Amino acid sequence: MADINANLSIPDVKKIAVLANIPLTDEEARKLAGELTQTLHFIEKIKKIDTKDIKPTSHVTGLSNVYRDDQISPSLTQKEALSQAKSTYKGYFKVPAVLKD
Amino acid sequence: MNNYTPIIGLEIHVELATKSKMFCGCDANYFGGKPNTHTCPVCLGLPGALPVPNKKAIEWCIRIGLALNCEIPLHSKFDRKNYFYPDLPKGYQISQYDKPFAVNGRLVIKPFARGPLTKTVRIRRVHMEEDTGKLIHATVDGEKCTLIDFNRSGVPLVEIVTEPDIRTSEEARDFLKKLHQIIRYLGVSDADMEKGSMRLEPNISIRRKSEKEKERKGEENLPKYKVEVKNINSFNFAKKAIDYEISRHIELLDSGETPKQETRGWDEKKNITYSQRSKEEAHDYRYFPEPDIPPIVLSEKEKKRIRETIPELPDARTERFIKDYGLSEYDASILIDDKDTSEYFEKSIQQITNNKQQITPKVIANWIINKKADKSTVSPEELIKLITAKQQKPQMDATDLDLIIKKVIEANPKAVGNYKSGKEGAIMYLIGQVMRKTKGKANASQVRNLLTNLLK
Ligand SMILES: [Zn+2]
């Protein structure tokens, strides 16, 4: 998939869309296949940069060991917590059934 | 069964007993709380909220790693594990992927069935993550739906993963019991299986014995499939689930099929496992470094300090009890099984040295093991008093006592006559005479019974 000469196929795009939980029409998938291929090509270009003497990192802030002490701070009320929900029931968030039958 | 070798690994989740959650200040003690009353923008996954790790939870995770003889890498970090499920408000779980807090450990167990032999189970990793919300599958207004309570969301969760070194369901149970014991001793979790603060996930496959030769040569020759049984909440269920899976796989393999690689659930009513229909899609969690949490860099000094917080663990305590108190291995192992019981035993011993009484550790051990006194209501001090009282009035040897009573009857014809003629009070005089002759060693009601029998 990351081969510079390969183009991202429509099934590839559809698989990524399922993982990202985004519904796509066939037309959108076709369009994204082209756009994401371009992105991959751009990454291939970046990969050519010489990074031999650069230490790998997962962060750019230079920070480390940012902690909090184990202390309780006030939570939201149930009403506040549920206030942004589309659907609620007796203090719970309510969503479509995840278990069928 | 004889043609196959079971290959068993274990994954164990332990909820830590910190006061607050893993990445926010919400109260982590959610048990029994009203739904969605322990939440905030962080543990609800609201946009813009920033997680900040709980220092104590990280220390406790490392403490577990050290107690399991793991290496503690100096560099560690958190990662995002991406998947969609309603119990996961952010669409990802903050976990650890390639740089967990502890790796390459081992735990030595003494499986009962192996007699004095021990067995080493390697620990692959111990990492820190967050718990998910709780789902309730319900029907509201005639429609199936799922209700969510996020009180548990973000509670510190430690995952312990073993190598597939376990070969029998008994070994698996022994391992889990020992791990549970250690967690309790470390004081980092109540590890209460019924409340779900410790959850067990065995993974099982079986291999034909003929392939064993390769294992001896040191090749990791694992079967091509693996079945995981999820969220088991008792040692015995874990054992039963493993046994069930082993025979299910044997049946399939004997009929020429390979068991399907899958996740199964445990039905505790029917004592069977069942397939949890999963999407055809293989899990693809697309882990990547958690950008909101800077990496964790430990110093040797810090590691040493955490190591020093580890209390005496069950194995060391068993040995010490045998050596210092002259207990049998059996008695010692029963006393140390539960941390509180072993501490109660030692506090009771201290009471003796303070009081200079002639009570041996073995006697105290017997009282505690045979539950002659309830340790929840009897203090160690009171226990020693009870034992002392009991020792001062030991039951006399029956034949000795019989002899003394007969002599007293012979020597007191008048009192005997009075009693026989209906003066019941005369018996008290006779009991008194017997008690004096036995120097108070006899038990008064026992003497009364013997006397009335002899005077019939
Ligand atoms: Zn929170």
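Here are some notes on chain A and on the aromatic pairs of this predicted model.

1. Some ground rules. This is a predicted model, where local features need pLDDT of at least 70, side-chain atom pairs count only at pLDDT 80 or more, and totals for chains, interfaces and linings use all residues. Residues are numbered from 1 along each chain as its sequence is written, chains are lettered from A and ligands numbered from 1 in the order in which they are written, and side-chain values use heavy atoms, with hydrogens and water left out.

2. Chain A, the outline. You'll find 3 helices and 2 strands here, in the order α-α-α-β-β along the sequence. (Helices are DSSP runs of H or I with at least four residues, strands are runs of E with at least two, and both are numbered from the N terminus.) The radius of gyration is 22 Å, well over the 13 Å that the globule rule gives for 101 residues, so chain A is more spread out than a compact globule. That radius is taken over C-alpha atoms, and the rule is 2.2 Å times the number of residues to the power 0.38.

3. Of its 101 residues, 17% are buried; buried means under 20% relative accessible area, exposed over 50%, and partly exposed in between (1.4 Å probe, protein chains only). Take the contacts (heavy atoms within 4.5 Å) between residues at least 6 apart in sequence: 36% of them join residues at least 24 apart.

4. A pair across the chains. The structure holds 10 aromatic pairs over all chains. Rings of Phe, Tyr and Trp (its six-membered ring) pair if their centres lie within 6.5 Å; planes under 30 degrees apart count as stacked, over 60 as edge-to-face and the rest as tilted. One of the pairs, A:Phe93 with B:Phe150, is edge-to-face, at 5.2 Å centre to centre and 65° between the planes. It crosses from strand 2 (residues 92-96) of chain A to the loop between strand 8 (143-149) and strand 9 (156-162) of chain B. A:Phe93 is buried at 13% relative accessible area, and B:Phe150 is buried at 6%.

5. A stacked pair in chain B. B:Tyr97 and B:Tyr287 are stacked, 4.1 Å centre to centre with 15° between the planes. B:Tyr97 is in the loop between strand 4 (92-95) and strand 5 (102-109), and B:Tyr287 in the loop between strand 13 (272-275) and strand 14 (288-289), so the pair ties together parts 190 residues apart in sequence. B:Tyr97 is partly exposed at 44%, as is B:Tyr287 at 28%. Ring pairs also link B:Tyr83, B:Tyr97, B:Tyr285 and B:Tyr287 into a cluster.
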